[in-house]
Amino acid sequence: MNKEKIIIIGAGLSGVMIAYLLQKKGYNITILEADKRIGGRIETLKGSSGATMEMGATWFSKPHQNLIALLEEFEIPYFKQHTKGISFFETMSFVPPQRFEISDAEEPSFRIVGGTAKLIEKLITKVGLENIKTKSKVTAVKEIENYIEITDSNGIKHTATKIISTLPPHLLVQTIQFEPHLPEKIQRLAKKTHTWMGESIKFAVEYANPFWKENNYSGTLFSQASIIQEMYDHSNNDNKGFALKGFLNGGTYTLTKEQREEKVILQLTKVFGKEAANYVAYHEKVWREEPLTFFPYEQLVLGHENNGNSDYNKPLWNDKLYVSGSETASQNPGYMEGAIVAARNIATQF
Ligand SMILES: Cc1cc2nc3c(=O)[nH]c(=O)nc-3n(C[C@H](O)[C@H](O)[C@H](O)COP(=O)(O)OP(=O)(O)OC[C@H]3O[C@@H](n4cnc5c(N)ncnc54)[C@H](O)[C@@H]3O)c2cc1C
């Protein structure tokens with residue numbers, strides 16, 4: 001075992017992946033995670049009907065080679081997103097939706113069997129739950145000669161020779177106190193670095209039967225006319241749990257959950273018929289209300305802005321402080337693939 005003590009901040013995909021890679025190199029790792037849940041922007045819900053529904057990361061495709069290689073290494077199966085049948089596009093609220101079919105030749109998207117959380121669960125078994133301290137929100141980080149002192153929300157002080165942050169950079173500079181201050185350039189960059197999907201609202205409607213498939217509908221809906229903006233079939237691949245799932249118009253975060261639910265069901269019945277009103281449960285997650293993911297920007301920051309900026313590659317404080325996480329990745333930043341690329345990049349530096 002290497003004597004160096006390394007602390008990783010955040011137990012999302014980047015954090016647990018970095019821990020996995022550095023443990024393999026013999027490092028002593030502790031992860032401090034603010035939430036009681038491990039996974040960050042990966043969260044799979046299990047409904048009462050057995051449907052597994054993603055409130056966070058869901059899809060990947062062939063260019064996401066690092067993710068695919070990891071799933072293969074861990075023997076985690078994945079399957080093609082169902083798109084067969086008639087899909088809908090609503091252009092305006094007062095005209096019937098247009099119908100179209102998605103070609104089989106289109107680049108497929110994949111989902112993980114049993115839900116994206118399977119990947120996190122596997123990484124937890126590799127890293128060891130005892131090395132991940134949940135409900136430990138880092139509030140302050142201080143450089144003291146050749147080590148770093150980290151204070152968490154329980155008032156506990158941890159020390160490490162090196163620390164690696166996996167927080168979205170914007171959240172990092174807005175919510176953790178650094179002594180000495182981080183370089184101005186990094187602070188400015190982080191404040192203008194978009195946190196992918198931070199403003200999004202995910203929803204899922206669970207059904208006892210996949211009535212849309214029975215009517216030869218794919219379950220895909222794109223709309224610029226109502227609350228649902230993008231939606232897909234979200235049934236389990238074993239046909240033992242059924243749901244429709246997608247994204248709501250981000251502006252509707254100002255409504256209550258009940259108001260959003262009512263609008264979603266109204267839109268679904270309009271498009272798919274009255275069977276859509278016979279649902280088991282409605283689920284949603286408003287990510288901009290998650291203080292461990294989203295922090296309001298001081299200025300306009302566009303989707304993916306400054307993601308993958310090469311300045312994140314340079315360690316700070318004489319190589320004791322590393323800024324990682326999906327948004328810092330040189331390839332596919334913001335995505336699960338980016339989280340793995342960023343983790344591999346850190347591992348090469350140790
Ligand atoms: C709604 C949504 C849909 C998405 N869809 C897809 C998709 O289909 N495909 C895809 O590839 N990607 C998707 N993504 C993106 C993907 O989820 C992320 O790229 C990836 O999960 C990021 O992992 P990460 O570990 O870098 O960051 P995070 O998952 O954000 O992890 C950061 C961790 O730090 C913790 N934390 C925060 N503050 C502190 C603190 N002060 N102290 C300690 N811990 C702290 C958080 O609780 C969290 O666990 C989606 C994301 C969302 C939100």
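**Around the ligand**

Guide: Start with E33: an N or O atom in its side chain sits 2.6 Å from an oxygen atom of the ligand. That's a polar contact, meaning here a pair of N or O atoms within 3.5 Å. Keep in mind that this is a predicted model, where local features need pLDDT of at least 70, side-chain atom pairs count only at pLDDT 80 or more, and totals for chains, interfaces and linings use all residues. Residues are numbered from 1 along each chain as its sequence is written, and side-chain values use heavy atoms, with hydrogens and water left out.

A34 has a backbone N or O atom 3.1 Å from a nitrogen atom of the ligand, while a polar backbone atom of R41 is 2.8 Å from a ligand oxygen. On its own, the ligand has 1000 Å² of accessible area (Shrake-Rupley method, 1.4 Å probe), and the protein covers 98% of that.

Now step back to the whole shell: 36 residues surround the ligand, each with a heavy atom within 4 Å of it. The closest include S14, W59 and G334. Sorted by type, the shell has 19 nonpolar, 13 polar (Gly counts here) and four charged residues (Asp, Glu, Lys or Arg).

Where does the ligand lie? It's between domain 1 (1-40 + 116-195 + 290-350) and domain 2 (43-113 + 199-289), because both give residues to its shell. Those bounds come from an automatic or database domain assignment.

Note on methods:
A polar contact is a pair of N or O atoms within 3.5 Å; within protein, one must be able to donate a hydrogen and the other to accept it, and residues adjacent in sequence count only if both atoms are side-chain atoms.
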